[in-house]
Amino acid sequence: MGRGKIEIKKIENATNRQVTYSKRRNGLFKKAQELTVLCDAKVSLIMFSSTGKFHEFLSPNISTKGFFDLYQKTTGIDLWNSHYERMEENYRRLKEINKKLRREIRQRMGGDLNELNIKELQALEAKMDSSLLAIRERKYHVIKTQTDKHKKKVRNLEERHANLVMDLAKLDGQDGIVETGGYYESTMGLLPNGASNLYALRLYQNQQPPLVLHDGTNDLRLA
């Protein structure tokens with residue numbers, strides 16, 4: 001028995017509609033491929049599914065640009081004319097905006113002021129005052145941030161220094177011998193801000209006892 005005729009109307013079931021679309025799309029692409037090989041034809045197919053998915057077939061013997069150029073040449077229709085006009089209009093708009101911004105920059109630097117009336121000058125002055133206020137606030141914020149950062153570094157270094165001095169003082173108690181041969185005495189002191197303790201070292205000359213050498217009847221004393 002032959003296949004029955006299918007009524008051509010929209011398939012309401014979304015799943016069935018997608019399956020039918022995929023099968024028939026592949027069939028069209030197969031026929032286009034056959035036309036390209038058998039007849040040396042230039043074929044282009046562009047398809048969008050109901051979900052917006054894009055599919056395309058293009059004969060391998062021509063590029064997309066070449067196909068559209070051939071279409072324009074054959075039909076006499078300029079596909080890019082309206083697009084070019086929109087691009088030109090957009091270019092003119094951007095050029096005007098750029099010109100206006102450059103003029104405002106020159107005016108804020110004190111140039112191109114002769115053409116401004118009193119209201120425009122007052123508006124420019126208000127803008128300059130607002131900009132100057134914002135710049136000063138930002139400058140003070142940066143200064144405060146950097147100052148706090150450096151103060152924190154100084155406190156850390158002072159604490160490290162105090163810890164090193166205390167570790168050195170603990171080696172021999174309150175009084176000890178340093179590498180130079182002298183004596184040191186540790187005393188407690190406070191920093192001006194009272195943040196941490198600071199130890200001070202005071203060096204004394206080492207008082208070595210006299211050395212006596214006996215050589216026969218003569219005594220040699222070295223001080």
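**Briefing: helices, hairpin and nonpolar core**

The model is predicted. For the stretch 77–107, an unreviewed UniProt entry lists a "coiled-coil region", an annotation that may be inferred rather than shown by experiment.

**Nonpolar core**

- Six residues form the largest nonpolar core: Tyr21, Phe29, Ala32, Val43, Met47 and Phe57.
- Helix H1, which spans residues 14–39, supplies three residues, the largest share of this core.
- In soluble globular proteins, nonpolar side chains tend to be buried together.
- Setting aside residues up to four places away in sequence, Val43 touches Ala32, Leu35, Thr36, Phe57, Leu58, Ser59 and Phe67. Among these contacts, Ala32 and Phe57 are also members of the core.

- Strand E1 (residues 44–48) pairs with E2 in the antiparallel sense, over five bridges.
- Within this pairing, Ser44 stands opposite Leu58 of E2.
- Five residues separate the two strands of the hairpin, where Gly52 adopts a positive phi near 90 degrees.
- In a regular strand the side chains alternate between the two faces of the sheet.

**Salt bridges within helices**

- The count of salt bridges comes to five. Side chains of opposite charge can pair when their charged atoms come close.
- In helix H1, Glu34 and Lys31 are three residues apart, about one turn of the helix, and their side chains meet in a salt bridge at 3.9 Å, N to O. Glu34 is partly exposed, at 31% relative accessible area, while Lys31 is exposed, at 54%.
- In helix H2 (residues 64–75), Asp69 and Lys65 are four residues apart, about one turn of the helix. Their side chains form a salt bridge at 2.8 Å, N to O. With a relative accessibility of 30%, Asp69 counts as partly exposed, whereas Lys65 is exposed, at 60%.
- In helix H3 (residues 81–108), Arg92 and Glu89 are three residues apart, again about one turn of the helix, and their side chains meet in a salt bridge at 2.7 Å, N to O. Arg92 is partly exposed, with a relative accessibility of 46%, and Glu89 is also partly exposed, at 45%.
- A network of salt bridges links Glu88, Glu89 and Arg92.

**Gln107 at the end of the annotated stretch**

- The stretch that UniProt lists as a "coiled-coil region" runs over residues 77–107, and Gln107 lies in helix H3.
- Gln107 has a relative accessibility of 13% and therefore counts as buried, the cut-off being under 20%.
- Apart from neighbours within four places in sequence, Gln107 is in contact with Asp112, Leu113, Leu116 and Leu124.

Terms used. Residues are numbered from 1 along each chain as its sequence is written. This is a predicted model: local features need pLDDT of at least 70, side-chain atom pairs count only at pLDDT 80 or more; totals for chains, interfaces and linings use all residues. Side-chain values use heavy atoms; hydrogens and water are left out. A nonpolar core is a set of buried Ala, Val, Leu, Ile, Met, Phe, Trp, Tyr and Cys residues joined through side-chain atoms within 4.5 Å. Buried means under 20% relative accessible area, exposed over 50%, partly exposed in between (1.4 Å probe, protein chains only). Contact means heavy atoms within 4.5 Å. Two strands pair if DSSP finds at least two bridges between them. A salt bridge is a side-chain nitrogen of Lys or Arg within 4 Å of a carboxyl oxygen of Asp or Glu.
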